[in-house]
Amino acid sequence: MRKLIACDVDGTLIPEGEQWISPAVLQEAQRLTDEGWLFAFCSGRQLANLEAIAKDLAGRVYYVTQNGAAVYTSGKQPQLLDKTPLGQENAMKIAHQALETEGYEIEMSGNNISYLCPKTDAFRRYMQGYVNMNITEVSSPEDVPEEIVKISIWCPDAAAAHKRFAAEWGSQYHVAIAGDIWLDITLADKSKGIRALCRQLDVALEDVVAFGDNYNDVPILDIVGTPYIMACAPEDLQARYPNVCRDVADVLRTL
C-alpha cells in the first residue's frame, strides 16, 4: 500500500512574507521518502519556482502546479503528466477584464512560465521577488505564445475580486481565493491534479495526507483520507476539517 503526502506551499509550508521552506519540513520529507512515502507539492506556483525552494528534495518530490492545471513527475528533469488549459478565447476575456480594472494586475501561466503585462513597477518588483521564477513580460495577453493554464489576479482585495469574477465565470471555471491579494482562475483544481497523480502512482485517495490553508486547497482537502487545515486559515475552513495544524513538520514527525 503506497501513501502520499500532498502539501500546499504558500501559507502552509511557507508563512506569509517568507520565501523558503523550513529545514525541519525538508528533513522530515527526506526521512519519510526514505521510508517509502511519496511526497508532492500542490501549489499555485510554477515548476521552476517549486524546484528552487526545495532543491534538497530533488528526485523525491512530485509537482501538482498551477492549482492542478499542470502535473509533473519527480526526477532531475520532471516530465509533464497532465495539463488542463483554460481555453484561449475565455482566457483573453478574463485577462482584459482584470487589466481594465484599476489596481488589478495579472499573471498568466503557461506550463512553466509566468507571463506578465505589468501596469506598475510595484507589481513587477513583487513578482521578481520570487525565487528562481520563469517570468516573461508581454505587451498584451494575446502575445502569450502558449496555452494559458491559469490566470492569477493581483488585487487589493481578493474577496471582492472573487465576488465579481465568480459571478461571471464561476459556472465554467474554478475561481478561488489564494491569499489576501491573489485570486486564481483555472479550469482544473487541485483535486483534478492530485487525482491524475494518484492514478499515475497507484495511490488510493484515502491513503493521501494533505495540508492546506486557503480556499484553493478545499478541492483536495475534501477528497483525501487525512486532511489538515492550517491554524492560519480562515475560521470557516478551520471549522470544516477536524485536523488543525500549526506546523507541518510537527505532523510529519508523527508519520
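Reader: In what order do the strands of the open sheet of 8 come?

Author: The general idea first: two strands pair if DSSP finds at least two bridges between them. Strands (E, at least two residues) and helices (H or I, at least four) are DSSP runs, numbered from the N terminus. In this case the order across the open 8-stranded sheet is E5-E4-E3-E2-E1-E12-E13-E14, and the pairing is mixed. E5 and strand E14 (244-245) are the edge strands, each pairing on one side only. Before you go on, this is a predicted model: local features need pLDDT of at least 70, side-chain atom pairs count only at pLDDT 80 or more, and totals for chains, interfaces and linings use all residues. Residues are numbered from 1 along each chain as its sequence is written, and side-chain values use heavy atoms, leaving out hydrogens and water.

Reader: How many bridges join strand E13 to E14?

Author: Strand E13 (residues 226-230) and E14 run parallel, and 2 bridges join them. One thing to look for is Met 230, whose bridge partner in E14 is Cys 245.

Reader: Which helix packs on the sheet and touches E12?

Author: Contact here means heavy atoms within 4.5 Å. Angles run from 0 to 180 degrees between N-to-C directions, with axes as lines fitted to C-alpha atoms, for helices over the stretch in contact. Helix H6 (residues 190-201) is the one: it touches strand E1 (4-7), strand E2 (38-42), strand E3 (61-65), E4, E5 and strand E12 (208-212). The direction of H6 makes about 145° with that of E3.

Reader: Now the sheet of 6 strands: what is the order there?

Author: Read across it and you get E8-E7-E6-E9-E11-E10, again an open sheet with mixed pairing. Strand E8 (135-137) and E10 are its edge strands, each pairing on one side only. From one strand to the next, the twist averages 25°. Over at the E8 end, 3 bridges join E8 to strand E7 (residues 114-116), and the two run parallel. Ser 114 stands opposite Ile 135 in E8.

Reader: What about H5, which strands does it lie across?

Author: H5 lies across E9, E10 and E11, running at about 170° to E10.

Reader: And which residues of helix H5 are buried?

Author: Buried means under 20% relative accessible area, exposed over 50%, and partly exposed in between, with a 1.4 Å probe and protein chains only. An α-helix has 3.6 residues a turn, so residues three or four places apart point the same way. In H5 (residues 158-169), the buried ones are Ala 158, Ala 161, Phe 165 and Trp 169. They cover an arc of only 60° around the axis, so they sit on the same side of H5; the arc is taken from the directions running from the helix axis to the C-beta atoms. The face turned away from that buried side carries exposed Lys 163 and Ala 167. As for the cover over the buried residues, it includes helix H3 (88-99), strand E9 (150-154), strand E10 (174-179) and strand E11 (182-186).

Reader: What does the side-chain oxygen of Asp 157 do at the start of H5?

Author: Think polar contact: a pair of N or O atoms within 3.5 Å, where within protein one must be able to donate a hydrogen and the other to accept it, and residues adjacent in sequence count only if both atoms are side-chain atoms. That oxygen of Asp 157 reaches to within 3.0 Å of the backbone nitrogen of Ala 159.

Reader: Where does Thr 73 lie?

Author: Look in the loop between strand E4 (70-72) and strand E5 (80-83). With a relative accessible area of 19%, Thr 73 is buried. A polar atom of the Thr 73 side chain lies 2.8 Å from the backbone nitrogen of Gln 79. Leaving aside neighbours within four places in sequence, Thr 73 contacts Val 61, Tyr 62, Tyr 63, Pro 78, Gln 79 and Leu 81. Lys 76 is in the loop between E4 and E5 too, but counts as exposed at 81% relative accessibility.

Reader: What is phi of Gln 66 near?

Author: Most residues other than glycine have a negative phi. Gln 66 has a positive one, near 50°. You'll find Gln 66 in the loop between E3 and E4, buried at 0% relative accessibility. Asp 202 also has a positive phi, near 60°; Asp 202 is in the loop between H6 and E12 and is exposed at 65%.

Reader: Last one: how many disulfides does the count come to?

Author: A disulfide is a pair of cysteine sulfur atoms within 2.5 Å, and by this rule the count is 0. For Cys 7, the nearest cysteine sulfur is that of Cys 42, 7.9 Å away. Cys 7 is buried at 0% relative accessibility, and Cys 42 is buried at 2%.
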